[in-house]
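Thank you all for making time this morning.

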Amino acid sequence: MVSDGSRDAGLAMLLLSRPPTNAMTRQVYREITNAAVELGRRDDVAAVILFGGHEIFSAGDDMSELRTLTAPEAGIAAQVRRDAIAAVAAIPKPTVAAITGYALGAGLTLALAADWRVGGDNAKFGATEILAGLIPDGDGMTRLTRAAGASRAKELVFSGRFVDAEEALALGLIDDMVAPDDVYDAAAAWARRFLDGPAHALAAAKAGMNDIVDLEPAHRRAAQRRRYLEVFAAGHDGAGKADQEGH
């Protein structure tokens with residue numbers, strides 16, 4: 001994780017940096033988890049850009065490492081992967097994935113964990129695990145189905161085929177398509193809109209919408225009521241303090 005380094009205070013970047021393809025190992029997933037947790041806790045961070053650099057987002061799992069694992073080790077690796085994806089999805093701030101080059105396999109799943117996705121018009125996407133005799137993990141099939149719908153998600157998973165940016169936009173895998181050199185700037189423009197927003201309310205809104213697909217209806221309604229009251233109380237307390245300071 002590094003600071004964005006731009007003029008925008010509060011805008012941070014979670015950077016994938018494992019050249020040349022940003023293939024993800026168990027250690028990389030652990031680092032992603034730690035960075036996501038840190039970004040979530042930091043009061044000086046209001047929005048997060050998930051970025052793999054100007055050449056590639058991520059080619060997914062490091063297959064050279066994966067092929068060396070025993071079945072028990074693969075189970076541990078799967079949990080580490082799921083933890084990383086979940087940690088990114090749970091960042092209590094607006095997140096946007098800036099996707100260049102390729103987002104394949106677990107790299108696509110990681111991108112789908114962001115709230116918004118911007119892709120270069122030459123980028124390629126794919127649920128490519130089937131090509132290695134595997135299936136998407138890290139909640140990958142669930143996230144892909146939410147984005148593209150069940151029938152299209154099945155076709156992508158069954159075939160492992162690459163999808164160009166125009167089709168990815170139509171399928172809902174990305175939300176915006178721009179020239180390759182403009183990907184990061186477009187992601188920053190989306191995130192910049194929320195830098196001065198009410199942090200507590202944004203976090204509650206994000207958690208509530210995530211609950212729509214993550215919780216049973218009764219638990220979801222209870223969680224939404226709880227968050228509404230928490231946000232109301234926080235706003236009421238803030239207004240009360242402002243009134244007191246004004247007198």
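Of the contacts in the protein chain with a separation of 6 or more, what percentage is accounted for by residues 24 or more positions apart? The figure is 72%, counted over contacts whose partners have a separation of 6 or more in the protein chain. Please keep in mind throughout that this is a predicted model. The protein chain has 247 residues, of which 44% count as buried, and its secondary structure comes to ten helices and nine strands.

Let me turn to the helices, starting with a pair. Two packed helices are described by the angle between their axes and by the distance between those axes. Helix α1, which covers residues 26-41, packs against helix α3, residues 71-89, at an angle of about 30°, and the two axes are 8 Å apart. Because angles under 35 degrees count as roughly parallel, α1 is described as roughly parallel to α3. Their crossing is left-handed. On the α1 side the contact involves Arg26, Tyr29, Arg30, Ile32, Thr33 and Ala36, and these meet Ala77, Val80, Arg81, Asp83, Ala84, Ala87 and Val88 on the α3 side. Sorted by class, the residues in this contact of α1 with α3 are eight nonpolar, one polar and four charged.

Is Arg81 buried or exposed? Its relative accessibility is 8%, and since buried means under 20%, Arg81 counts as buried. Leaving aside residues up to four places away in sequence, Arg81 touches Tyr29, Asp61, Leu66, Ala106, Asp137 and Gly138. With one of these, Asp137, the side chain of Arg81 forms a polar contact of 2.7 Å.

Helix α5, residues 140-148, and helix α6, residues 150-159, pack at an angle of about 130°, with 7 Å between their axes. That angle makes α5 oblique to α6, and α5 passes α6 in a right-handed crossing. From α5 the contact draws on Met141, Leu144, Thr145 and Ala148, and from α6 on Ala150, Arg152, Ala153, Leu156 and Val157. By class, the contact of α5 with α6 divides into seven nonpolar residues, one polar and one charged.

Next I would like to look at a helix and its surroundings. Helix α8, residues 183-192, is mostly covered, with seven of its ten residues buried, and the buried ones are Val183, Tyr184, Ala186, Ala187, Ala188, Trp190 and Ala191. Which strands are among the elements that cover them? The covering elements include β2 (11-15), β3 (47-51), β4 (95-99), β6 (116-120) and β9 (176-178).

At 28% relative accessibility, Trp116 counts as partly exposed. Not counting residues up to four places away in sequence, Trp116 touches Thr95, Val96, Ala97, Asp175, Asp176 and Trp190, and Trp190 is one of the buried residues of α8. Finally, the C-alpha atoms of Trp116 and Pro94 are separated by 8.3 Å, with the two residues 22 apart along the chain.

Terms used: Residues numbered from 1 in each chain as written. Predicted model: local features only at pLDDT ≥ 70, side-chain atom pairs only at ≥ 80, totals over all residues. Heavy atoms only, no water. Axes fitted to C-alpha atoms, helices over the stretch in contact; angles between N-to-C directions. Helix = DSSP H or I, 4+ residues; strand = E, 2+ residues; numbered from the N terminus. Parallel < 35°, antiparallel > 145°, perpendicular 65-115°, else oblique. Left-handed = near helix turned anticlockwise from the far one by under 90°. Contact = heavy atoms within 4.5 Å. Nonpolar A, V, L, I, M, F, W, Y, C, P; charged D, E, K, R; others polar. Buried < 20%, exposed > 50% of the residue type's maximum accessible area, 1.4 Å probe, protein only. Polar contact = N/O pair within 3.5 Å; in protein donor to acceptor, adjacent residues only side chain to side chain.
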